[in-house]
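Colleague: Can you walk me through this one? I would like to start with the aromatic rings and then move to the strands.

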Amino acid sequence: MKLISVAKIWDASPHNAFTDLVRFKNKLYCVFRQASAHVSPDGALRILRSDNEGQDWQSVALVDVDFADLRDGKLVADNDRLLLFGGGAMHEGKGEGMRSYCWQSHDGEHWSALKALVKEKEWLWRITPHKGHLYGIAYLCHEHDGYAALYKSNADRDFQPLVEKLSQAGYVNESGLVFDEHDKAICLLRRDPLWQTDERALLGESAPPYTQWCWQVTNCRVGGPVTFLYQGKLYGVVRLYDDRVRTSLVAIDRQTAQIEELLTLPSGGDTSYAGVVLKDDTLMLSYYSSHEGTCAIYFAKIAL
């Protein structure tokens, strides 16, 4: 693994964070939250586009609402549509907790009205297409009955629960979900030390129809996970917490659930939440970091 290049592509707001990256109609699109702080009521989803494989970027849209802080935008290329998913932390008097939303566009610039998804207070975090359906893991943060749930879309792109209580092994939340060449689902599931002592991430696998899962405990804590398969092996880009907080490319052993750091990106402090796009033997990724001061958005290329 070799870092080919890395460049800051946006730092116009006081806090720029929580990215995702997708290829749509042969262009790259990057989404992230811009706001006044890591936690603030004014979060909006900024969308950038590159026509030349990430060399140059331009802002093409800003999606916001007047009743919630929009967080963790995720992009999915769905045939001739670009789908944007995000969580809304509701303003006081507008609702409780989080709501999950979706917007759609045909050009990345003009977006539909929002559509509410899944159950109230559930946060549908990252979406993965597979064989004509969209799959996603939502989580409910609650001191006594929090959980992660697996959802699957129907033909109308409405999400229905497939496994209502996928995991309740502590404070389970963010996830990276992929499907291998044998149609097995693989999930890297974040855990945090909110009401438990074991904060190590979980690695789960399931065969179709994805209703029965086998879970292993990994060897470390991760944040903001995104996973991908390359030449039959499982990789991820995560935040690591051991000696210092950083964003890293890691290998994940599916048999032993061991996570091994392969490459550390220029990062530190408030950082992680990557989006990835594979092109041949090159990994293109977006992420954010505060190692140069202000939380900014970065675009990197890695030779695999």
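**Rings and strands**

Modeller: Phe-18, Trp-125, Tyr-273 and Tyr-288 make up one aromatic cluster. Keep in mind that this is a predicted model.

Colleague: What sits over the ring of Trp-125?

Modeller: The charged end of Lys-74 does, 4.0 Å from the centre of the Trp-125 ring. Another lysine, Lys-165, lies over the face of Tyr-147, 4.9 Å from the ring centre.

Colleague: And which residues does Asp-72 touch?

Modeller: Leaving out residues up to four places away in sequence, Asp-72 touches Phe-18, Phe-85, Gly-86, Trp-123, Trp-125 and Tyr-273. Phe-18, Trp-125 and Tyr-273 are among the members of the cluster I began with.

Colleague: Where is Asp-72 found, and is Asp-72 buried or exposed?

Modeller: Asp-72 is in strand E6, residues 68-78. Its relative accessibility is 4%, so Asp-72 counts as buried, the cut-off being under 20%.

Colleague: Back to rings. How many aromatic pairs are there?

Modeller: The count is 18 aromatic pairs, where a pair needs ring centres within 6.5 Å. One of them is Trp-57 with Phe-299, an edge-to-face pair with 5.3 Å from centre to centre and 65° between the planes.

Colleague: Which parts of the chain does that pair tie together?

Modeller: Trp-57 is in the loop between strand E4 (44-50) and strand E5 (58-63), while Phe-299 is in strand E24 (residues 296-303), so the pair ties together parts 242 residues apart in sequence. Trp-57 is buried, at 18% relative accessible area. Phe-299 is also buried, at 4%.

Colleague: What about Tyr-135 and Phe-179, how are their rings arranged?

Modeller: Their centres are 5.0 Å apart and their planes are at 55°, so this pair is tilted. Tyr-135 belongs to strand E11 (residues 133-140) and Phe-179 to strand E14 (residues 171-179), and the pair links parts of the chain 44 residues apart. Both Tyr-135 and Phe-179 are buried.

Colleague: You mentioned E14. What is the strand order of the open sheet with E14 in it?

Modeller: The order is E14-E15-E16-E17, four strands with antiparallel pairing. E14 and strand E17 (214-217) are at the edges with a single partner strand each, so one side of each has no neighbour in the sheet. On average, neighbouring strands of this sheet are turned by 20° against each other, direction ignored.

Colleague: How many bridges join E16 to E17?

Modeller: Four bridges join strand E16 (residues 202-206) to E17, and the two run antiparallel. Gly-204, for instance, has Trp-215 in E17 as its bridge partner.

Colleague: New topic, strand E19. Why is E19 described as largely enclosed?

Modeller: Seven of the eight residues of E19 (residues 233-240) are buried, so the rest of the structure largely encloses this strand.

Colleague: Which strands does E19 pair with?

Modeller: E19 pairs with strand E18 (residues 222-230) in the antiparallel sense, over seven bridges. Seven bridges also join E19 to strand E20 (residues 246-252), again running antiparallel.

Methods: Residues numbered from 1 in each chain as written. Predicted model: local features only at pLDDT ≥ 70, side-chain atom pairs only at ≥ 80, totals over all residues. Heavy atoms only, no water. Phe/Tyr/Trp six-rings, centres within 6.5 Å; stacked < 30°, edge-to-face > 60°. Buried < 20%, exposed > 50% of the residue type's maximum accessible area, 1.4 Å probe, protein only. Lys NZ or Arg CZ within 6 Å of the ring centre and 35° of its normal. Pairing = 2+ DSSP bridges. Contact = heavy atoms within 4.5 Å. Axes fitted to C-alpha atoms, helices over the stretch in contact; angles between N-to-C directions.
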